Amino acid sequence: MTQKRTTPEFITELKPNEIFVFGSNLKGMHGGGAAWIAYRKFGAIMGQGVGLQGQSYGIPTMQGGVETIRPYVDEFVQFAKERQDLTFLVTRIGCGIAGFTDEEIAPLFEKAHDLDNVVLPPNW
């Protein structure tokens, strides 16, 4: 059995078909954490909080509890299923500035485990 690839702690460059998946806010104010990196390096668009933007994909994590994040994760998983030509490197969304734990966020990505083009953080 081969071990599945995991997202590195720090992503500093991407291959042409790779997408940086980061935690965002609904207003798309990418002022800190992974969102700032997405904006500065990977084409995130200031003012766009959700979805594909350049070589990044925003998942809002700053609008309430874990259950408010679930619909956006489900939308992302469906998008990843439809875009097998891309590889999605998921950061530890929600586990920095938003203040959630890995144990709270990781279960939201359960359906992503079956997708070969989604790379998750270790232990997710």
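Which side chain meets that of E67 in a salt bridge? The partner is R70, with N and O 3.1 Å apart. A salt bridge here is a side-chain nitrogen of Lys or Arg within 4 Å of a carboxyl oxygen of Asp or Glu. The model is predicted, so local features need pLDDT of at least 70 and side-chain atom pairs count only at pLDDT 80 or more, while totals for chains, interfaces and linings use all residues. Residues are numbered from 1 along each chain as its sequence is written, and side-chain values use heavy atoms, with hydrogens and water left out.

E67 and R70 are separated by about one helical turn, because they stand three residues apart in helix α2 (residues 66–82). Helices (H or I, at least four residues) and strands (E, at least two) are DSSP runs, numbered from the N terminus. E67 is exposed, with a relative accessible area of 53%, and R70 is partly exposed at 31%. In these terms, buried means under 20% relative accessible area, exposed means over 50%, and partly exposed lies in between (1.4 Å probe, protein chains only).

The structure holds four salt bridges. Side chains of opposite charge can pair when their charged atoms come close. R5 counts as partly exposed at 45% relative accessibility, whereas E18 is buried with 5%. Another salt bridge joins D85 and R83, at 2.8 Å from N to O. D85 is partly exposed at 46%, and R83 is partly exposed at 28%.

Next comes the surface. M29, W36, Y39 and M46 make a nonpolar surface patch of about 380 Å². Patches are made of residues with over 30% relative accessible area and no salt bridge; like charges are joined within 9 Å, and nonpolar side chains (Val, Leu, Ile, Met, Phe, Trp, Tyr) within 5 Å. Accessible areas come from the Shrake-Rupley method with a 1.4 Å probe, and for residues only the protein chains shown count as cover. W36 sits in helix α1 (residues 33–41) and is partly exposed because its relative accessibility is 38%. R40 also lies in helix α1 and is exposed, at 58%. From R40 to K81 the separation is 41 residues in sequence and 27 Å in space, C-alpha to C-alpha.

Helix α1 also matters for the largest pocket, as it gives the most to the lining, with four residues. The space in this pocket is about 630 Å³. Of its 30 lining residues, G33, A34, T91, R92 and G96 are the closest to the centre. A pocket is an open set of points on a 1 Å grid over the protein atoms alone, where a 1.4 Å probe fits, with protein on both sides within 12 Å along at least five of seven lines; lining residues have an atom within 4 Å of a point. The lining divides into 16 nonpolar, 12 polar and two charged residues.

One backbone angle remains. Phi of N123 is near 70°, a positive value in a residue other than glycine. N123 is found in the segment after β5 (118–119), and N123 is exposed, with a relative accessible area of 81%.

How values were computed:
Points joined across faces, edges and corners; volume = space filled by probe spheres on them. Nonpolar A, V, L, I, M, F, W, Y, C, P; charged D, E, K, R; others polar.
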